[in-house]
Amino acid sequence: MNFSKLPLTQAMLTNLDALDYKQMTAIQNAALPAVLKGKDVMAEAKTGSGKTAAFGIGVLHNLYVKKFRVQALILCPTRELADQVAKELRRLARFAHNIKILMLTGGESFGKQLGSLSHQAHIVVGTPGRVLKHLNKESLDLSNLNTFVLDEADRMLDMGFIEEIESILAFVPKERQTLLFSATYDEDVKKVAHKLLREPVLVKTTAEEVPNEIEELFYASNDKLETLVKILAQKEPKNVIIFTNTKIEAKELAQRLIERKIDALAIHGDLEQYERNDVLVQFANGSTPILVATDVAARGLDIKELSMVVNYDLPHTEETYTHRIGRTGRAGAKGMAVTLYSAYEMEKIEPYKAREKAIFGDADALPESKGFEMKPEFVTLVIEGGKKDKLRAGDILGALTGEAGLMGKSIGKIDIYDKQAYVAIARQEAEKAYKYLKNGKIKNKKFSIWQL
Ligand code: ADP
Ligand code: MG
């Protein structure tokens, strides 16, 4: 789902990185390859899924910037939506100096738009009525158009706009790329749409966005730590977030797990920003299998493919419960949520019995966990150099697999920040990687290095 998979220019990729677009969204991943190839596309994905960039990156990539003529027209149902699209396109267009994007919407001065049009533009974003008015007055020339986009296509092709759209199309070359993007498509609209499209590629990501499948287990326990260890031993989850209600408990529980040879880190409000980041990086890259967290500390945490969430303490509300367990079972994998409650919490647990997926287990029936240990797959090395030193993941990977002689599969996630880089190394190879990086060079430069 990386943008670098696409045939984009380095300048475009650098800008996407600067915008913090690290990964393609599902619809971008599904639609961009076809959009970039110049194919007609009919795409369906829910609101907020990044549809603008899914067509915008394609439009910008296919633009011939030296030719100062309107090459793409993007129609939206309202001025506000056109404004949002234009803003997003301008951000995406920052990789090049002189791409001109013009808005033509109703409610704005027609005369002013005439002035702007006389200076030409590469891309027009507008509403149908106003665009048609310019076409009829011959102030807008679409004879060089390559790409025709209908955003919110469902609304654009229903009765309100269809006549204006058809009139606009009379001014547009038949040889063109047509892109339709929408959150939904009415059956009637689908029929109309197919008349506009030529051998379209149909992409739809809404079906993938089904709710997570989560197994919800509940155990009454008078020794929560013992029960927890037994569950970990039985289920062998790869990575787990355990929630406690206070930061003191979070710290203590992580400590007690470590004493039982179960590797864990705690995240709570007492950590400095940099410490917090160290912990999150280690959990996300597999350098610790367990994160013990309070609700506040775990906010904004986005770990893909979390195998298990444990409510070591019962949350104060069921809403918090739903929020906590929603972190497991992402990306199609089945998730597991385990909730422990004490004899004093019998009343509080009552509402959870109504949950469709709830299973109440018997803690005493869990098998013994003798000799069970949990060790991380990776170890994190920190390199005292980052983006400011022009260090890239490829440089680090190259140094480790080249002269250091590590196998590619021994190197995990690489996170690069402004002044530091974090590299996950398979535990057995960590010593070797550390020695090499300490004595050798990356990109002909020496960097300080330590292990977290
Ligand atoms: P839609 O049109 O599908 O409702 P938008 O195109 O308005 O969604 O995008 C929603 C938000 O997601 C915007 O703020 C946009 O900047 C952001 N966004 C789009 N693509 C990415 C990405 N690959 N990574 C991070 N953020 C993204
Ligand atoms: Mg949109």
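Trainee: Into which domains is the protein divided?
Mentor: First, the ground rules: this is a predicted model, where local features need pLDDT of at least 70 and side-chain atom pairs count only at pLDDT 80 or more, while totals for chains, interfaces and linings use all residues. Residues are numbered from 1 along each chain as its sequence is written, chains are lettered from A and ligands numbered from 1 in the order written, and side-chain values use heavy atoms, leaving out hydrogens and water. Domain bounds come from an automatic or database assignment. That gives domain 1 (3-204), domain 2 (213-365) and domain 3 (378-451).

Trainee: What distance separates the centres of domain 1 and domain 2?
Mentor: Those centres are taken over C-alpha atoms. Between domain 1 and domain 2, the separation is 45 Å.

Trainee: Which residues come nearest to ligand 1?
Mentor: There are 14 residues around ligand 1, each with a heavy atom within 4 Å of it. The ones that come nearest are Tyr 21, Gln 23, Gln 28, Gly 48 and Thr 52.

Trainee: How much of the accessible area of ligand 1 does the protein cover?
Mentor: On its own, ligand 1 has 570 Å² of accessible area (Shrake-Rupley method, 1.4 Å probe).

Trainee: Which elements give two or more residues to the shell around ligand 1?
Mentor: Helices are DSSP runs (H or I, at least four residues), numbered from the N terminus. By that numbering, the elements are helix H3 (51-61) and helix H4 (79-92).
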